[in-house]
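Student: Could we go through this model together, charged residues to begin with and then whatever else comes up?
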Amino acid sequence: MSLSGVIPPLVTPLTEEEELDEDALRWHVNYLIKEGVHGVFCLGSTGEFPYLSEEERSRVAEVVVDEAGGRVPVIVGVSHHSCRVAAKLARRAERIGADALIAIIPSYFPVTDDMAYEYYVRLAEATSLPLLIYNFPAVTNFDIKPETVAKLAEVENIVGIKDTVTDPQHTMRVLELVPEDFAVFPGSELTMQASMEAGAKGMIFGTSNIDPKPAIRIYEAYKSGDLEKVRTLLPDATKLLQLLTLAPTEYLPAIIKNAMKLTGKPINPTVRKPLPNLSSQQIEKLKETLKKLSLLKEGE
């Protein structure tokens, strides 16, 4: 199976009591598929995976796979500090019916490239599903070397990477070293243009939960080779990034959930503690930014 296009990393909707809101999750999966996304990815950073129990993570995967119903591929996050537990989560996701897996290495002790290599190889050995590497140095304090990614690309079922970095040179170096069919996805709008022009297969942006259409339009323009259209679409495709500058990284799930609610989506903005929610002042700043981006009307 080949993965490409716009694949949003789903939020995990919660009730005010911090329980999984399955109805909201099903609504959101349907909303994104109807908008035209090319896949969905549950249990990533935006989905608050480190704060969910194994049972909750399995249930999220079950709901997403069931609701997607084969209309688009479902990538399930199986990240864990431990190779053993990540492998267990991978086998469970395979039984649930996931189409592919993705994993980041959450750090406690410092991570090295040798540790990363062993982590992904062991995880690949635990499942027959395609596996993507997930690189997000801002939260793990570890930036996997492009040379290590290239070495991992030699493993049969390691098929791609979500590279959430701020320096496009990292992603471009990965693209230089890996085979052409290895699926490289920028995880930040900051590196989208350089990555797509260098051969990335699509994009995985948390902001696509709020509105996936700008990313879909620019992906289709790249796919058709219409670079003039790409240039006209770039400002619209990167504007949602402004929302993520309103607070530090740990507020990412709260910013996205609050923006979704403010723009009319049936979701409670609750996040799982100890993650912080937005203050009333931050919500007002979020409203003003959404209005500036024409995503919220005056008076709302």
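Student: Is Asp 236 buried, exposed or partly exposed?

Tutor: Asp 236 counts as partly exposed, at 23% relative accessibility, where buried means under 20% relative accessible area, exposed over 50% and partly exposed in between, using a 1.4 Å probe and protein chains only. This is a predicted model, in which local features need pLDDT of at least 70 and side-chain atom pairs count only at pLDDT 80 or more, while totals for chains, interfaces and linings use all residues. Residues are numbered from 1 along each chain as its sequence is written, and side-chain values use heavy atoms, with hydrogens and water left out.

Student: Which side chain does Asp 236 meet in a salt bridge?

Tutor: The partner is Lys 239, at 2.9 Å from N to O, a salt bridge being a side-chain nitrogen of Lys or Arg within 4 Å of a carboxyl oxygen of Asp or Glu. Lys 239 itself is buried, with a relative accessible area of 18%.

Student: Changing topic, what kind of unit do β6, helix α7 and β7 make?

Tutor: They make a right-handed β-α-β unit, with helix α7 covering residues 168–177. Right-handed here means that, with the strands pointing away from the viewer, the path from the first strand over the helix to the second runs clockwise. Strand β6 (residues 158–163) is mostly covered, as five of its six residues are buried.

Student: Which strand does β6 pair with over five bridges, and in which sense?

Tutor: That is strand β5 (residues 131–135), in the parallel sense, where two strands pair if DSSP finds at least two bridges between them. β6 also pairs with strand β7 (residues 183–186) in the parallel sense, over four bridges. Within these pairings, Asn 135 stands opposite Asp 163 in β6, and Ile 161 stands opposite Val 184 in β7.

Student: Where is the nearest side chain of opposite charge to Asp 163?

Tutor: That side chain is Lys 162, 8.9 Å away, and Asp 163 is buried yet has no salt bridge; for charge, Lys and Arg count as positive and Asp and Glu as negative, while His and the chain ends are not counted. The side chains of Asp 163 and Asn 135 are, however, joined by a polar contact of 2.8 Å. A polar contact is a pair of N or O atoms within 3.5 Å; within protein, one must be able to donate a hydrogen and the other to accept it, and residues adjacent in sequence count only if both atoms are side-chain atoms. Leaving out residues up to four places away in sequence, Asp 163 touches several residues, including Asn 135, His 170, Thr 171 and Phe 185, contact meaning heavy atoms within 4.5 Å.

Student: Which backbone angle is positive at Leu 43?

Tutor: Phi is positive there, at about 70°, although Leu 43 is not a glycine. Most residues other than glycine have a negative phi, and most peptide bonds are trans. Leu 43 is found in the loop between β2 (40–42) and α2 (54–68), and is buried, with a relative accessible area of 2%. Glu 48, in the loop between β2 and α2, has a positive phi of about 60°, and counts as buried at 1% relative accessibility.

Student: Is the peptide bond from Lys 273 to Pro 274 cis or trans?

Tutor: That bond is cis, with omega near 15°, and Pro 274 has its place in the loop between α11 (252–262) and α12 (280–292).

Key: Helix = DSSP H or I, 4+ residues; strand = E, 2+ residues; numbered from the N terminus.
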